[in-house]
Amino acid sequence: MTTADPRGDSANPRGDTTDGKLLEEALFEVKRVIVGQDRMVERMFTAVLARGHCLLQGVPGVAKTLAAKTLAQVAGGRFARLQFTPDLVPSDITGTRIYRPSQETFSVEPGPVVANFVLADEINRAPAKVQSALLEVMGEHQVSIGGTTIPVPQPFLVLATQNPIESEGVYQLPEAQRDRFLLKVDVAVPSESEELAILYRMSVDPPRARPVLTPERLIALQRTADEVFVHHAVAEYAVRLVVSTRELAGPGSRLAHGAGPRATLGLVAAARALALLRGRGYVLPEDVHDLAHEVVAHRLVLSFDALADGITGAEIVDEVLAAVEQPRITPRQAATRADGRMEGRPEARAEGRTEGRAEGGTEGEAA
């Protein structure tokens, strides 16, 4: 849908105002429970709207599980939590066949993964055989049990958490499994003021989120995100970012392998969802820039030398973002430096990330 631009230009496609208000209400309903962690909450909604899966990594106690559960409560639909342990087997996740003596037949019993929102808690505690059991359901949105294929309900999202500080009794996700996640979000510890707010909010009578969306409404929002306009220059920018990681890979390089085409598709899909979440019907280069770390960094395969030197995928992405210039598609667009700060006119720096919501560049200007 389109609404008239405040300056009189009706050719600017923005998200439906009803959709925008509904998403904003859902976003703040989650924030009513979760203190701080604005980036994590925004990225989780981005994954839902982009039909992707999200991997949350952080130390214990930073509200990863609570955020996933709260998102499911706000979005509606069926929620299932899977606590991954070393003794878990694939049938505990996908389901199994059960023999019925009275009928002398086998029946299929679906596992808990057949739900709208699946929380794979501490996914790196289960062995690779169990982790790979999620591959089909994450990629194909279905499970196969004894020759019977069972589709999962829509919308479908896998939210996985992992603890980065333990090395005993854990199994690192292989590259193929990490690539299945659209976003990998590093969850930071709260600040002192946020921790004080957590104490007041959660110590006695914790707030409970109320349903704001329904599965049907969420599917409609996903379709709206698919229609968000992506200018050709923005699409080229996303491709250059991903291809640059492959150009850096090679013998003697810090990268053994760069990101594949799935990163490009994910970057644009996530940028569409983020633009809709920010109240726009078009994608800005800033949206792609903001999502590069979460979409690209976990898909990079570092060399042994880089791992020995303590280099991370995020540092490689920082270098790529600094080397690849953002396209300028709107007159008021400010350049974004590698550290995320805005450059350009003072008013552009002051507006920062909100410029696209008010009088940002129109589709006509981009064209």
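## Model and overall surface

The structure is a predicted model, in which local features need pLDDT of at least 70 and side-chain atom pairs count only at pLDDT 80 or more, whereas totals for chains, interfaces and linings use all residues. Residues are numbered from 1 along each chain as its sequence is written, and side-chain values use heavy atoms, with hydrogens and water left out.

The protein chain contains 16 helices and 13 strands, these being DSSP runs numbered from the N terminus (helices H or I, at least four residues; strands E, at least two). Of its 367 residues, 49% count as buried, where buried means under 20% relative accessible area, exposed over 50% and partly exposed in between (1.4 Å probe, protein chains only). Among contacts (heavy atoms within 4.5 Å) between residues at least 6 apart in sequence, 75% join residues at least 24 apart.

## Nonpolar cores and a surface patch

A nonpolar core is here a set of buried Ala, Val, Leu, Ile, Met, Phe, Trp, Tyr and Cys residues joined through side-chain atoms within 4.5 Å. The largest such core has 77 residues, of which Leu183 and Val288 touch the most other members, and helix 10 (residues 261-277) gives the most to this core, with 10 residues. Apart from this core lies another of 26 residues, including Ala126, Met138, Ile145 and Ala160. Residues up to four places away in sequence being set aside, valine 288 touches Val234, Tyr237, Ala238, Leu241, Leu267, Ala271 and Val283.

On the surface, Leu196, Leu199 and Tyr200 form a nonpolar patch with about 350 Å² of accessible area together. Patches are built from residues with over 30% relative accessible area and no salt bridge, like charges being joined within 9 Å and nonpolar side chains (Val, Leu, Ile, Met, Phe, Trp, Tyr) within 5 Å. Tyrosine 200 lies in helix 7 (residues 192-202) and counts as exposed because its relative accessibility is 64%.

Leucine 49, in helix 2 (residues 38-49), is buried, with a relative accessible area of 1%. Beyond four places in sequence, leucine 49 touches Leu23, Leu218, Leu221, Gln222, Ala225, Ala273, Leu276 and Leu277.

Glutamine 177, in helix 6 (residues 175-179), counts as buried at 2% relative accessibility. A polar atom of the glutamine 177 side chain lies 3.1 Å from the backbone oxygen of glutamine 131.

## Salt bridges

With a salt bridge taken as a side-chain nitrogen of Lys or Arg within 4 Å of a carboxyl oxygen of Asp or Glu, the count comes to 19 salt bridges. One of them joins the side chains of aspartate 179 and arginine 299 (2.6 Å, N to O); this pair links distant parts of the chain, 120 residues apart, with aspartate 179 in helix 6 and arginine 299 in the loop between helix 11 (285-296) and strand 11 (301-302). Arginine 299 counts as buried, at 9% relative accessibility.

Arginine 278 forms a salt bridge with aspartate 287, with the closest N and O atoms 3.2 Å apart, and the side chains of arginine 278 and aspartate 290 also meet in a salt bridge (3.0 Å, N to O). Arg39, Glu42, Arg43, Arg278, Arg280, Asp287, Asp290 and Glu294 are linked in a network of salt bridges.

Methods: A polar contact is a pair of N or O atoms within 3.5 Å; within protein, one must be able to donate a hydrogen and the other to accept it, and residues adjacent in sequence count only if both atoms are side-chain atoms. Accessible areas come from the Shrake-Rupley method with a 1.4 Å probe; for residues, only the protein chains shown count as cover.
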